Amino acid sequence: MTLDIAICDDNENDRSILNSLLTNSAFKYDHCFKIKMFSNCSDLINSYNSSSKYDVIFMDIEMPHENGIDKAYHIKNTICHNVIIVFVSNYPEYMQDSFKVHPYYFIQKPVTASCIDKLICDILRDTNYNKILITVIDGYKNEFTININDIYYIETIDSKNKELSFHLQSSSLKAKGILSSWNEKLHDYSFHMCSRTVLINLAHIHYFDGLQIILDNNATIPVSSKNKKLLMSKYLNKIVAVNCGGLL
């Protein structure tokens with residue numbers, strides 16, 4: 001597997017150390033990493049205009065005249081939603097603010113080899129894990145293949161006739177099926193029941209607003225008080241913070 005990785009940090013020494021640690025991890029796990037380094041967010045964002053694409057971005061948070069959290073939010077919401085964001089910072093107090101970007105990890109400097117090795121192991125595992133395709137069949141027996149990571153939520157639209165709607169980022173697909181069956185199939189992939197008629201992908205939750213869930217495509221899903229507490233707990237458990245190999 002090849003991972004395209006970007007390091008964005010205004011500190012040249014920190015960039016060099018992280019690059020070296022990532023190179024060693026690539027050798028350890030027998031994978032190919034293509035690493036590009038940037039001293040500011042503007043150059044990183046401009047690189048996307050040159051057809052560059054990254055699987056993982058290691059982003060410093062506090063840089064001169066730039067906020068890494070805001071820039072990462074811009075990248076995920078306007079350029080590449082599925083990119084893995086790893087924040088690297090001297091300041092753990094930024095961790096709470098970083099939640100709006102759905103970071104994969106939050107690493108506190110100084111970064112160590114054990115921290116990066118664990119992180120890369122998890123990323124390689126989850127990258128393979130998330131490339132899972134499912135097949136759905138519509139009312140005309142046409143088959144469609146979907147990556148589960150592209151599903152925002154699944155909704156029952158007619159329980160009597162066993163009709164479902166698979167909602168993607170900007171479109172939806174009607175198919176035959178029973179929501180409870182899909183709940184069983186997808187439960188291990190961060191899908192959870194939001195109500196009796198909606199199965200939601202936790203990876204696409206942007207924030208909670210009262211008894212509503214706002215997804216990162218701005219779709220709004222109602223939720224009961226009981227289910228909100230459960231979903232919030234599961235959602236927050238997906239936010240993993242790493243402090244040089246240990247949980248913060």
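**Exercise 1. Which residues do ring pairs link into a cluster?**

Before the solution, note that this is a predicted model, in which local features need pLDDT of at least 70, side-chain atom pairs count only at pLDDT 80 or more, and totals for chains, interfaces and linings use all residues. Residues are numbered from 1 along each chain as its sequence is written, and side-chain values use heavy atoms, with hydrogens and water left out.

Step 1. Rings of Phe, Tyr and Trp (its six-membered ring) pair if their centres lie within 6.5 Å, and planes under 30 degrees apart count as stacked, over 60 as edge-to-face and the rest as tilted. A search of the whole structure with this rule gives 4 aromatic pairs.

Step 2. One of them joins F38 to Y54 edge-to-face, with 6.2 Å from centre to centre and 80° between the planes. F38 belongs to strand 2 (residues 32-38) and Y54 to the loop between helix 2 (41-48) and strand 3 (56-60), so this pair ties together parts that are 16 residues apart in sequence. Here helices (H or I, at least four residues) and strands (E, at least two) are DSSP runs, numbered from the N terminus.

Step 3. Y48 and Y54 form an aromatic pair that is also edge-to-face, at 5.3 Å between centres and 90° between planes. The cluster linked by ring pairs therefore holds F38, Y48 and Y54.

**Exercise 2. Determine whether Y48, Y54, H65 and K162 are buried, partly exposed or exposed.**

Step 1. Buried means under 20% relative accessible area, exposed over 50%, and partly exposed in between (1.4 Å probe, protein chains only).

Step 2. Y48 has 11% relative accessibility and counts as buried, and Y54, with a relative accessible area of 4%, is buried too.

Step 3. H65, in the loop between strand 4 (62-63) and strand 5 (66-67), counts as exposed at 87% relative accessibility; its phi is near 65°, a positive value in a residue other than glycine.

Step 4. K162, in the loop between strand 10 (153-158) and strand 11 (163-167), is partly exposed at 46%, and phi of K162 is near 55°, again a positive value in a residue other than glycine.
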